[in-house]
Amino acid sequence: MTIKKVAVIGAGTMGSGIAGQVANAGVEVWLLDLPSEGDRVNALAERGVERLHETVGLMSKDFEKNIHVGNTRDDFQQLADCDWVAEAIVERLELKKVLYKQIDEVCSETTLVSSNTSSIPIKLLVEDMPLSFRKRFAITHFFNPVRFMPLLELVRGEDTAQSVMNEFDAFCDQQLGKGVISCLDTPGFLGNRVGCFAIQAALQAANEMGLSPVQADAIFGRPMGVPKTGVFGLYDLIGIDLMSDVAQSLVNTLPADDAFNVEAPKLPLMVEMIANGQTGNKKGQGFYRTVDGQRQVINLQTGEYSKAERLDLPLALKAEKEGVMHLLNDDSIYGQFAWRVLSRTLSYAASLIPEVGETPLGVDDAMKLGYNWIKGPFALIDEIGTDYFIQRLESEGREIPEFLRQAAGSTFYRVDDGKLQVRVYNGSWQSIARPKGVERFNETRRTLTPKNTCEVASWFDLDGVALVEFHSKANALDGDSMAILGDAIDHVEAGKLRGLIVHNDAQHFSCGVNLQAVRGYFLKEDMSGLDAFLAHFQNTVHRMATADFPVVAAPVGMSLGGGFEVVLHAKEVICHANSTMGLVESGVGVIPGGGGCKETLYRWHEKLGSSDIGEAAWKAFMNLGYGRTCTSPVLAAQYAMLRNNDRFLSNRDRLLPAAMAAIDSGAGQVSFDRPDLALPGRDVFQAMIKWLEEAHALGKLTPHNVVVATELARIVTGGDVDAGTVFSEQDLFDAERASFLKLVATDATRERINSMLDTGQVVQN
């Protein structure tokens with residue numbers, strides 16, 4: 001069966017998100033909710049679509065055409081020919097049961113039906129339904145925001161047909177782009193069972209140990225390999241009231257002796273905050289708030305707000321860079337906090353095996369895909385060391401879960417005969433097998449030895465293809481990054497390998513050139529060194545573009561600034577549907593210096609197909625001046641950031657196999673034809689200067705914005721030259737470097753770079 005028409009019932013946050021992702025897949029979807037009084041009978045469903053635009057739930061506004069809004073009174077008959085009906089109404093069992101009977105009366109006997117519930121057992125959901133309904137019913141538990149969170153927990157009932165499970169798995173994986181994990185029907189399944197425990201453990205520990213939200217979030221964040229929001233920031237993001245309800249729902253379904261119950265209670269202050277409407281970002285205040293541009297944090301004892309000071313914690317930075325053991329070996333309050341949270345969370349995860357599954361793979365996958373952890377709980381125990389972990393627990397008189405004890409003297413993951421294996425509860429080992437067409441390089445990497453590596457990048461021989469991976473903080477690029485890329489190109493050019501792929505499956509591909517490195521040059525007034533770095537960068541990406549072998553960039557997450565300049569010079573791009581791309585250098589007072597200005601101009605010239613180079617120059621000027629970013633490949637193509645041969649996939653775990661196939665087929669490879677351009681010259685240059693001056697006079701641009709944009713105008717027009725003056729590709733490269741160096745020499749650009757590095761804020765000077 002092929003799913004061609006879907007209905008989602010319930011247009012709240014989750015329901016609208018599911019509908020939006022179905023629409024992103026190009027599938028017709030009806031979004032229904034209760035009818036409203038008055039003229040806007042579909043107001044609730046319409047609000048759901050509005051929410052999608054507010055949360056960037058659609059790849060572009062164009063995908064809204066796939067969504068039909070309606071209500072459950074007037075449009076219920078639309079379900080009759082649906083292939084899948086997804087229920088996402090409130091978590092009240094009696095309401096769901098009534099709805100399922102209505103669905104069964106209208107839908108055909110082949111319609112798949114699912115619930116998005118995370119707190120009601122599937123057995124209770126369908127206990128009153130006929131066998132014909134139970135056979136085609138499952139739980140499809142998505143995570144919020146649906147477009148961006150990869151995890152889908154798929155739960156079957158006792159009577160669910162295997163063909164139904166296969167259909168859900170295939171559609172959600174290949175078309176909705178989800179990492180599908182089959183879960184047993186246990187409370188909270190996998191993601192929320194462990195994720196909520198970790199959040200609650202951090203919340204209770206911070207309160208009891210006297211840490212402020214800022215202090216707790218500085219540790220329970222990137223230093224632990226979890227999102228930078230931390231625990232209090234995450235509570236604000238989700239909603240303090242909603243997160244409290246999720247915790248209570250787990251309490252209601254878990255056994256009385258479950259360890260989660262110890263961590264579950266609300267903080268005393270939270271009860272008052274919820275009553276006052278201080279429920280997080282949606283209300284403008286929670287544990288944090290912003291007043292007159294100043295970020296403030298609440299005092300957990302008094303409830304008063306004060307300025308949220310930026311913490312300088314070398315320990316946190318070192319742990320983020322070198323591993324969590326730097327936290328656990330620290331005797332300060334921060335190290336004690338880290339140990340308390342991690343030891344309880346990891347022990348809890350270990351205690352769930354075999355209740356939730358025979359291996360730890362599902363738990364680790366759920367925490368990576370559903371909570372954005374870099375490593376899952378069991379991979380973290382491997383990093384810490386099972387013996388260290390067990391011995392420290394024993395020294396505190398703590399109970400050792402049986403599965404953890406089984407791993408004593410060993411690990412939960414290992415590489416054997418070139419294959420990554422995972423420990424099974426009975427003591428055996430099982431090779432990790434992903435679905436056909438799915439591969440995660442973070443797993444494959446463990447079976448390989450890099451051909452060349454440094455602190456910031458590595459390249460590997462992956463079945464005869466050179467794969468380059470950036471792995472610095474935010475995958476920022478410097479001279480060493482380019483040296484590794486260049487070395488990989490050398491080896492392919494020598495005929496030792498058949499192609500080049502630039503890829504990683506970290507959170508982001510690359511957020512740009514390392515500004516610390518740029519600051520290092522200007523602090524030493526080493527402009528010749530900076531020029532040499534830029535020239536090396538340009539030469540390396542130009543070699544990618546002009547190679548006589550296949551070159552594929554397969555980016556995920558953010559590809560910004562210098563990172564996007566690497567992508568721009570690949571002969572084929574296969575990116576993730578949620579890729580964010582753009583050249584954002586103007587914000588920190590510089591211009592793209594690695595071929596970004598040059599490539600933007602050429603691409604607009606190609607896209608417009610016009611002999612009027614002036615129009616292309618204006619388009620490039622606007623892209624670069626505003627530091628335009630696009631939150632999907634669909635938008636990126638509209639702004640000439642991707643070429644016609646470039647493509648995207650919904651599931652990021654399918655990028656690497658697709659890139660490997662593209663290397664072998666060569667069908668999507670398009671060489672770079674970069675002929676000399678007759679640039680529009682001084683008349684268009686002066687028109688751009690006039691536009692900038694008028695925008696500044698209206699208060700739309702700061703003085704230094706005008707300075708930066710003037711350099712962009714100079715590059716894309718040729719500057720103060722006659723119209724028709726011919727510039728080669730190398731001339732444009734040279735112009736970029738000259739403008740970059742000119743701007744870095746200014747006090748205003750240096751102030752912007754210093755501010756970004758030291759405070760994380762851009763100075764509007």
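This is a predicted model: local features need pLDDT of at least 70, side-chain atom pairs count only at pLDDT 80 or more; totals for chains, interfaces and linings use all residues.
Q: OK, at what angle do α7 and α15 pack?
A: Helix α7 (residues 191-209) and helix α15 (residues 333-351) pack at about 150°, with their axes 9 Å apart. Helices here are DSSP runs of H or I with at least four residues, strands are runs of E with at least two, and both are numbered from the N terminus. Axes are lines fitted to C-alpha atoms, for helices over the stretch in contact, and angles run from 0 to 180 degrees between N-to-C directions. The two helices are therefore roughly antiparallel, given that angles under 35 degrees count as roughly parallel, over 145 as roughly antiparallel, 65 to 115 as roughly perpendicular and the rest as oblique.

Q: And what sort of residues make up that contact of α7 with α15?
A: Among those that meet are Phe 197 and Ala 201 in α7 and Phe 337 and Tyr 348 in α15, where contact means heavy atoms within 4.5 Å. The residues of this contact divide into 13 nonpolar, three polar and four charged; Ala, Val, Leu, Ile, Met, Phe, Trp, Tyr, Cys and Pro count as nonpolar, Asp, Glu, Lys and Arg as charged, and the others, Gly among them, as polar.

Q: How far apart are the axes of α25 and α26?
A: The axes of α25 (residues 596-608) and α26 (residues 613-625) are 8 Å apart, and the angle between these helices is about 130°, which means that α25 is oblique to α26. Their contact includes Thr 600 and Trp 604 of α25 and Ala 620 and Asn 623 of α26.

Q: Switching topic, how many cavities are there?
A: The count comes to four cavities of 30 Å³ or more. On a 1 Å grid over the protein atoms alone, a cavity is a set of points where a 1.4 Å probe fits but cannot get out, a pocket is an open set with protein on both sides within 12 Å along at least five of seven lines, and lining residues have an atom within 4 Å of a point. Grid points are joined across faces, edges and corners, and a volume is the space filled by probe spheres set on the points.

Q: Which helix gives the most to the lining of the second largest cavity?
A: That is α25, with three residues. This cavity has a volume of about 80 Å³, and its 13 lining residues include Thr 600 and Asn 623, which are among those nearest its centre.

Q: What about the second largest pocket, how much space lies in it?
A: About 710 Å³ lies there, and among the 35 lining residues Ser 182 and Asp 365 are two of the closest to its centre.

How values were computed. Residues are numbered from 1 along each chain as its sequence is written. Side-chain values use heavy atoms; hydrogens and water are left out.
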